[in-house]
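Biologist: I would like to go through this model with you, one question at a time. Shall we begin with the structure on screen?

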Amino acid sequence: MTTSECLERFLAEAAPDLGATVTSVTPISGGYSRLTSVADIRTADGGEQKLVLRSDPPSGHGVFDSDRDDEWQLLLALWGADAINIARPRFYDATGERLGSKTIVMDHVEGTPLQLTLTPDGDVRAARSTFLNVAAALQRIPLDALPQGMGTPPDWDTYIDSAINIYERAERELGDSSPIIRYVASWLRGNRPAPVPLAVVHGDFQPGNILINEGHPPVVIDWEFARVGDPREDVGYYSGSPLPNNLYIADPKAFIQEYRELTGYTEDQVNEDVMQYFFILGMAELFAQMMRGADALTRGRRAGIMAPFLVNSLCYFQERYLSICM
């Protein structure tokens with residue numbers, strides 16, 4: 001973890017006019033692929049600020065792999081486009097030499113994850129509307145505002161093929177074959193739904209990544225898996241989430257109807273079968289990384305607390321996939 005002394009030296013170089021004194025750096029929970037901490041700083045004019053540090057874990061210790069360079073460029077583009085609310089990106093240690101690993105430094109946002117406001121017996125309508133309005137806002141982000149390196153697929157079919165290829169490529173890399181994944185990939189190719197225009201896909205779109213604060217618009221965090229793809233991946237990915245108090249499972253028909261109204265999609269483009277399709281497709285990159293991680297376990301290259309997580313997750317999702325495809 002970054003120390004107060006390291007961060008203070010970094011800020012003195014990155015923002016000398018700030019005159020920052022770092023009073024604390026505290027690890028926080030939430031998000032298990034990156035190391036996250038909150039820093040309290042005092043500025044030269046006597047003010048106080050909070051910053052959030054989002055850092056790469058040591059090599060071999062993360063559950064999922066993603067690129068901090070790409071995430072930093074995307075955050076800058078999103079902030080500049082002013083099309084969706086994010087935490088303001090402030091500084092970046094692109095080499096990790098100053099903060100211990102590649103680290104994005106951004107403003108701290110006061111708010112509660114939407115997930116923590118959900119209760120088993122509560123009225124989910126307000127939370128569902130918040131969630132789906134953010135999903136619709138993602139689709140309105142102009143693609144020409146994104147970093148050039150992010151890339152836009154030439155057309156919808158090419159993109160869908162590339163997403164299915166993620167499963168097929170990961171299966172070929174395994175030490176053992178996976179007939180289930182080969183079957184699922186074949187099912188995805190043979191059952192693709194009606195297309196919609198490509199848009200920004202968050203990649204881990206769930207209520208835990210939406211911060212709410214009364215009187216302020218929702219803020220979307222954790223953009224490491226963002227891409228340009230089929231926007232239904234985000235809601236499909238969430239629809240099958242094992243997190244408790246799932247907004248989709250609470251009332252699938254109302255969820256789908258409101259999503260259609262906000263996006264203008266037709267019944268052919270969004271229905272319960274389509275949601276299931278995009279649950280599988282939206283999981284492609286994360287599932288492939290879980291497959292590689294579990295395969296590494298069998299080769300003795302990774303152990304520890306994440307071992308049961310990887311194995312249990314693979315079993316859970318493969319069972320869900322088969323229940324959809326068969």
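Biologist: By class, how many nonpolar, polar and charged residues are in the lining of the second largest pocket?

Modeller: This is a predicted model: local features need pLDDT of at least 70, side-chain atom pairs count only at pLDDT 80 or more, and totals for chains, interfaces and linings use all residues. On a 1 Å grid over the protein atoms alone, a pocket is an open set of points with protein on both sides within 12 Å along at least five of seven lines, and lining residues have an atom within 4 Å of a point. Ala, Val, Leu, Ile, Met, Phe, Trp, Tyr, Cys and Pro count as nonpolar, Asp, Glu, Lys and Arg as charged, and the others, Gly among them, as polar. Sorted this way, the lining has 12 nonpolar, six polar and nine charged residues.

Biologist: What is the volume of the second largest pocket?

Modeller: Residues are numbered from 1 along each chain as its sequence is written, and side-chain values use heavy atoms, leaving out hydrogens and water. Grid points are joined across faces, edges and corners, and a volume is the space filled by probe spheres set on the points. For the second largest pocket this gives about 560 Å³.

Biologist: Which lining residues are the closest to the centre of the second largest pocket?

Modeller: The lining has 27 residues. Helices (H or I, at least four residues) and strands (E, at least two) are DSSP runs, numbered from the N terminus. At least two lining residues come from each of α2 (68-81), α4 (156-173), β10 (227-229) and α10 (284-298). The closest to the centre are Asp-70, Glu-224, Phe-225, Ala-226 and Arg-227.

Biologist: Which element gives the largest share of the lining of the largest cavity?

Modeller: A cavity is a set of points where a 1.4 Å probe fits but cannot get out. The largest cavity has a volume of about 30 Å³. α3 and α6 are the elements that give it two or more residues. The largest share, three residues, comes from α3.

Biologist: Which elements do the buried residues of α3 pack against?

Modeller: Buried means under 20% relative accessible area, exposed over 50%, and partly exposed in between (1.4 Å probe, protein chains only). In α3 the buried residues include Phe-131, Leu-132 and Leu-138. They pack against β7 (199-201), β8 (210-213), β9 (216-220), α6 (232-239), α7 (247-250) and α8 (252-263).

Biologist: Which residues is Leu-243 in contact with, leaving aside its neighbours within four places in sequence?

Modeller: Leu-243 sits in the loop between α6 and α7. Its relative accessible area is 34%, so it is partly exposed. Contact means heavy atoms within 4.5 Å. With those neighbours left aside, its contacts are Gln-115 and Gln-206.

Biologist: Is Asp-82 buried or exposed?

Modeller: Asp-82 lies in the loop between α2 and β4 (89-93). Its phi is near 55 degrees, a positive value in a residue other than glycine. Most residues other than glycine have a negative phi. At 65% relative accessibility, Asp-82 counts as exposed.
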